[in-house]
Amino acid sequence: MAVILAFISPLAWINTILLRIGRNIAWVCMGLMVLVIVLQVFCRYVLNNALPWPDEGARFLMLWMTGLVAPSAYRWGGFVSIDLIKDMLPLRLGRLMTLILLFFALMVLVVGFQLGLKHVQSGWLFASSTLKLPLEVFGLGLVRLKLAWMYMSLPVGIAMMILVNIELSLKTIVGLIDPTIEVPGDHDQQAISAE
């Protein structure tokens with residue numbers, strides 16, 4: 001038990017830092033996405049001259065926003081779940097069921113991570129049709145953005161969700177062994193509400 005508790009504390013600290021950074025980047029991505037969409041609406045309907053890049057740029061920002069904020073939602077129980085059966089069971093049996101579900105979720109996340117890496121590898125073969133980096137200042141001309149940079153949001157988000165899953169699993173194991181123990185990192189939810 002002491003080994004598990006010693007492992008949970010640094011993992012919870014790492015997850016807290018990574019998820020906080022991810023949420024802050026996600027907010028920036030959301031703000032930029034809104035600006036890009038408003039710009040496209042203005043250009044299309046007011047100036048009657050639609051820009052070629054905002055749709056793909058907004059999709060790029062949306063994917064990264066989702067990939068960076070999903071691990072926080074997973075850690076806080078923000079995804080849709082049906083707790084009725086778990087809540088009807090005795091405490092330890094409910095936690096055992098939660099642990100089994102976390103194990104299955106971990107298996108799905110590992111497969112998703114592997115598929116995400118394969119998708120990123122194929123993304124290096126293709127460049128965006130509209131997103132270009134204006135590097136004329138450096139003598140490089142226009143450089144098309146590789147789609148891998150967009151696809152990278154998937155394995156990055158899933159890797160962070162795997163870390164969260166491991167933390168949640170360890171906390172569930174501790175709660176299963178001794179429900180009276182205060183698990184390290186449980187105060188993180190209260191700290192987030194103070195942000």
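This is a predicted model: local features need pLDDT of at least 70, side-chain atom pairs count only at pLDDT 80 or more; totals for chains, interfaces and linings use all residues.
1. Trp 149 has an aromatic partner. Across the whole structure, a search finds 3 aromatic pairs. One of them joins Trp 124 and Trp 149 in an edge-to-face arrangement, with 5.3 Å from centre to centre and 85° between the planes. Trp 124 belongs to the loop between α4 and β1 (127-135), whereas Trp 149 belongs to helix α5 (residues 148-151), so the pair ties together parts that are 25 residues apart in sequence. Trp 124 also counts as partly exposed, because its relative accessibility is 37%.

2. Which residues make the nonpolar surface patch of about 650 Å²? The patch is made by Leu 93, Leu 96, Ile 100, Leu 101, Phe 103, Phe 104 and Met 107. Among them, Phe 104 is placed in helix α4 (residues 91-123). With a relative accessibility of 46%, Phe 104 counts as partly exposed.

3. Asn 48 deserves a separate remark on its backbone. Most residues other than glycine have a negative phi. Asn 48, although not a glycine, has a positive phi of about 55°. Asn 48 is found in the loop between α1 (2-46) and α2 (54-75). Is Asn 48 buried or exposed? Asn 48 counts as exposed because its relative accessibility is 69%, and the exposed class begins over 50%.

Methods:
Residues are numbered from 1 along each chain as its sequence is written. Side-chain values use heavy atoms; hydrogens and water are left out. Patches are made of residues with over 30% relative accessible area and no salt bridge: like charges are joined within 9 Å, nonpolar side chains (Val, Leu, Ile, Met, Phe, Trp, Tyr) within 5 Å. Accessible areas come from the Shrake-Rupley method with a 1.4 Å probe; for residues, only the protein chains shown count as cover. A salt bridge is a side-chain nitrogen of Lys or Arg within 4 Å of a carboxyl oxygen of Asp or Glu. Helices (H or I, at least four residues) and strands (E, at least two) are DSSP runs, numbered from the N terminus. Buried means under 20% relative accessible area, exposed over 50%, partly exposed in between (1.4 Å probe, protein chains only). Rings of Phe, Tyr and Trp (its six-membered ring) pair if their centres lie within 6.5 Å; planes under 30 degrees apart count as stacked, over 60 as edge-to-face and the rest as tilted.
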